[in-house]
Amino acid sequence: MRSENQPLIFEMSREGRIGYSLPELDVPETNTDELLPEGFARKEAPELPEVSELDIMRHYTALSKRNHGVDSGFYPLGSCTMKYNPKVNEAVARFAGFAHIHPLQDESTVQGAMEMMYDLQEHLIEITGMDEVTLQPAAGAHGEWTGLMMIRAFHEANGDFNRTKVIVPDSAHGTNPASATVAGFETVTVKSNENGLVDLDDLKRVVDENTAALMLTNPNTLGLFEEDILEMASIIHNAGGKLYYDGANLNAVLAKARPGDMGFDVVHLNLHKTFTGPHGGGGPGSGPVGVKKDLIPYLPKPLLVKTEEGFTFDYNRPDSIGRVKPYYGNFGINVRAYTYIRTMGPDGLKAVSENAVINANYMMRRLAEYFDLPYDRHCKHEFVISGKRQKKLGVRTLDIAKRLLDFGFHPPTIYFPINVEECMMIEPTETESKETLDSFIEAMIQIAKEAEENPEIVQEAPHTTVISRLDETQAARKPVLRYMKKEPVEV
Ligand SMILES: *Cc1c(COP(=O)(O)O)cnc(C)c1O
């Protein structure tokens, strides 16, 4: 039976059917009314489906088949680096010495795990060209906020209380202005020029004695490498500001270029993107932050350090911005990233960048015949095309994205960055074969032809998914988040 026809658990429910067996009670039975304060104990049993263990298995398996993941198909979601997550990472994350330990255990009993984290930090220092790294932040945006709080602490320690502004290019990732605001700064936008790069004249115009930092996403969200970084660095440093590198997508520069060598003072990485932590389901991430020497005192505490007696957490850090996460980051994701770095080695990591960039350029060139290419330059790990031509035929970028679902592909990121009309941001990643890239390109070409010859088929897509087009306004304003039981289906 196809997963879309498989009845879900609510329809399978039959009164009295049971899917579990519990051992006999070997302690005295207690009345919950005596244990819980008045009003806290349920008076009636919740309305749960009554099903067998097999029914539950089929329910969850059917749900999983209705979902799209990197293990089920191509997922070119720009800026998200949906690359293959090697299964060896999972095997290592399940080693008893990693999986069966607790963060509150005595340090002497978890030296191996601490060594792994320390070694990961050392690798990230090497990869980024920074002087020290913390693994605490739980995601990219969390790393941004952590980095900005350190920059604030640095300025304040110098008596520089008026550095209230963070400069963010209009092509930056959306989390950059958000993190700056949450960290208590005012954001100032710097414009892109006609090449899609930061406009240096505009940068000179907005920088002043109130500048705390410039946050740069590089390659920027158009997939373009910022060419004037050294000049930007000197403009900002001469004004007394700090340089922040958003390294969430390191896929194009890994083992090729290092933020530390470009003059950056702070960088965050997304281990769940470039370094193959599974992501996309809202699960744990990891956003380590690296800093140059003069920001080390402000790193979150504790800091993992190596001493003559072994590895330990250093809490004696009086200038630290404090703790930003319980324990020391999302350990399981860090194990996966470490495994990835060690299995790839330096040459492997270099090949990642080369293949990510060549895949993106190949796709961009082939699609440029059928879609508008707003910035006709070599791209890095991703690129942006526009559905302007198709819009004139009545087919919006949203329709194209929905139609791609019929071909079994996850759509690219759409309507972002906002400075490109009818934008599609495509990131193929290095782990896809030429055959997969070609089949996606063929699907896009077919959709472009449909837009000309048979636009309804695109406008009404998707046709093959369990749920067809949603009413987006209703879904945003009045979401139905609870499953509503349908009448049992007789099959
Ligand atoms: C994904 C991403 C972020 C945010 O990372 P999260 O882990 O989702 O918080 C920041 N910057 C860029 C460029 C990104 O692609």
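Predicted model: local features only at pLDDT ≥ 70, side-chain atom pairs only at ≥ 80, totals over all residues.
**The ligand**

The shell holds 14 residues, and the closest are Ser79, Ala141, Asp246, His272 and Lys273. By type, the shell divides into three nonpolar, eight polar and three charged residues. Helix α7 (residues 140-157) gives the largest share of this shell, with three residues.

At Asp246, look at the side chain, where a polar atom lies 2.6 Å from a nitrogen atom of the ligand. At His272, a polar side-chain atom lies 2.7 Å from an oxygen atom of the ligand. How much of the ligand's accessible area does the protein cover? On its own the ligand has 380 Å² of accessible area, and the protein covers 86% of that.

Select Tyr245, in strand β5 (residues 242-247). Its relative accessible area is 0%, so Tyr245 counts as buried.

Go on to Ala255, in the loop between β5 and α11 (259-262). Is Ala255 buried or partly exposed? Ala255 has 39% relative accessibility and therefore counts as partly exposed. From Ala255 to Asp347 the distance is 8.1 Å, C-alpha to C-alpha, across 92 residues of sequence.

**Aromatic pairs**

Next, show the aromatic side chains. The model has ten aromatic pairs. Select Phe74 and Phe440 for one of them. Their ring centres are 5.2 Å apart and their planes stand at 75°, so this pair is edge-to-face; the angle is over the 60 degrees required. Phe74 is in the loop between α3 (53-65) and α4 (87-93), whereas Phe440 is in helix α15 (residues 434-453), 366 residues away. Both Phe74 and Phe440 are buried.

Then select Phe98 and Phe331. This aromatic pair is also edge-to-face, with 5.8 Å from centre to centre and 65° between the planes. Phe98 lies in helix α5 (residues 96-99) and Phe331 in helix α12 (residues 331-367), so the pair ties together parts 233 residues apart in sequence. Phe98 and Phe331 are both buried.

**Charges over rings**

Select Arg152 with Phe185. The charged end of Arg152 sits over the ring of Phe185, 4.9 Å from the ring centre. For another example, select Lys242 with Phe154: here the charged end of Lys242 sits over the ring, 4.2 Å from its centre.

**Backbone details**

Finish with the backbone. Which kind of peptide bond runs from Asn218 to Pro219? That bond is cis, with omega near -10°. Pro219 is in the loop between β4 (211-217) and α10 (229-238). The bond from Lys301 to Pro302 is cis too, with omega near 0°, and Pro302 is in the loop between β7 (289-291) and β8 (303-307).

Select Tyr327, in the loop between β9 (310-314) and α12. Its phi is near 55°, a positive value in a residue other than glycine. At 40% relative accessibility, Tyr327 is partly exposed. The last stop is Glu422, in the loop between β11 (413-414) and β12 (423-426). Phi of Glu422 is positive as well, near 45°, and at 8% relative accessibility Glu422 counts as buried.

Terms used: Residues numbered from 1 in each chain as written. Heavy atoms only, no water. Phe/Tyr/Trp six-rings, centres within 6.5 Å; stacked < 30°, edge-to-face > 60°. Helix = DSSP H or I, 4+ residues; strand = E, 2+ residues; numbered from the N terminus. Buried < 20%, exposed > 50% of the residue type's maximum accessible area, 1.4 Å probe, protein only. Lys NZ or Arg CZ within 6 Å of the ring centre and 35° of its normal. Near = heavy atom within 4 Å. Polar contact = N/O pair within 3.5 Å; in protein donor to acceptor, adjacent residues only side chain to side chain. Areas by Shrake-Rupley, 256 points an atom, 1.4 Å probe, with all protein chains shown as cover. Nonpolar A, V, L, I, M, F, W, Y, C, P; charged D, E, K, R; others polar.
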